[in-house]
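Hello,

Here is the structure I promised to pass on. Have a look at it first, and my notes follow below.

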Amino acid sequence: QLQLVESGGGLVQPGGSLRLSCAASGFTLDYYAIGWFRQAPGKERERVSCISRSGGSTNYADSVKGRFTISRDNAKNTIYLQMNSLKAEDTAVYYCAAQFQCERVGVQYWGQGTQVTVSS
């Protein structure tokens, strides 16, 4: 069974940090670019970051640039999203997704999501 499983979400105070992980089972992640998306209540899902298959290219939404860092460990079949200086507006369900390329819109596989809540 092909699966992406996110972990690492939780409740954190403003200014705090979290590291999300996205692990794949049933397929090899290094065939795909991986995007991290988020969806806040009442808002559309948005992509916040993407990393190329090799890890040599990354991009970030303006809202998280300088605070979030995406990385991948293909040997562990896992993608990470380090989130620092978290703000209340970062509160959302975070999803990882396998894409053929970061430049493309389509998603081949979605994870089930992990909740991130930033609140004092």
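Let's start with Tyr94, which lies in strand 9, residues 92–99 (strands are DSSP runs of E, at least two residues, numbered from the N terminus). Please keep in mind that this is a predicted model, where local features need pLDDT of at least 70, side-chain atom pairs count only at pLDDT 80 or more, and totals for chains, interfaces and linings use all residues. Residues are numbered from 1 along each chain as its sequence is written, and side-chain values use heavy atoms, leaving out hydrogens and water.

Tyr94 has a relative accessible area of 0%, so it is buried (under 20%; exposed is over 50% and partly exposed in between, with a 1.4 Å probe and protein chains only). Its side chain makes a polar contact with the side chain of Arg38, at 3.0 Å (a pair of N or O atoms within 3.5 Å, one able to donate a hydrogen and the other to accept it; residues adjacent in sequence count only if both atoms are side-chain atoms).

There are also six aromatic pairs (ring centres of Phe, Tyr or Trp, the last by its six-membered ring, within 6.5 Å; planes under 30 degrees apart are stacked, over 60 edge-to-face, the rest tilted). In one of them, Tyr32 and Tyr109 have ring centres 5.8 Å apart and planes at 80°, so the pair is edge-to-face. These two residues are 77 residues apart in the chain. Tyr32 is buried at 12%, while Tyr109 is partly exposed at 25%.

Best wishes

Technical notes:
Helix = DSSP H or I, 4+ residues; strand = E, 2+ residues; numbered from the N terminus.
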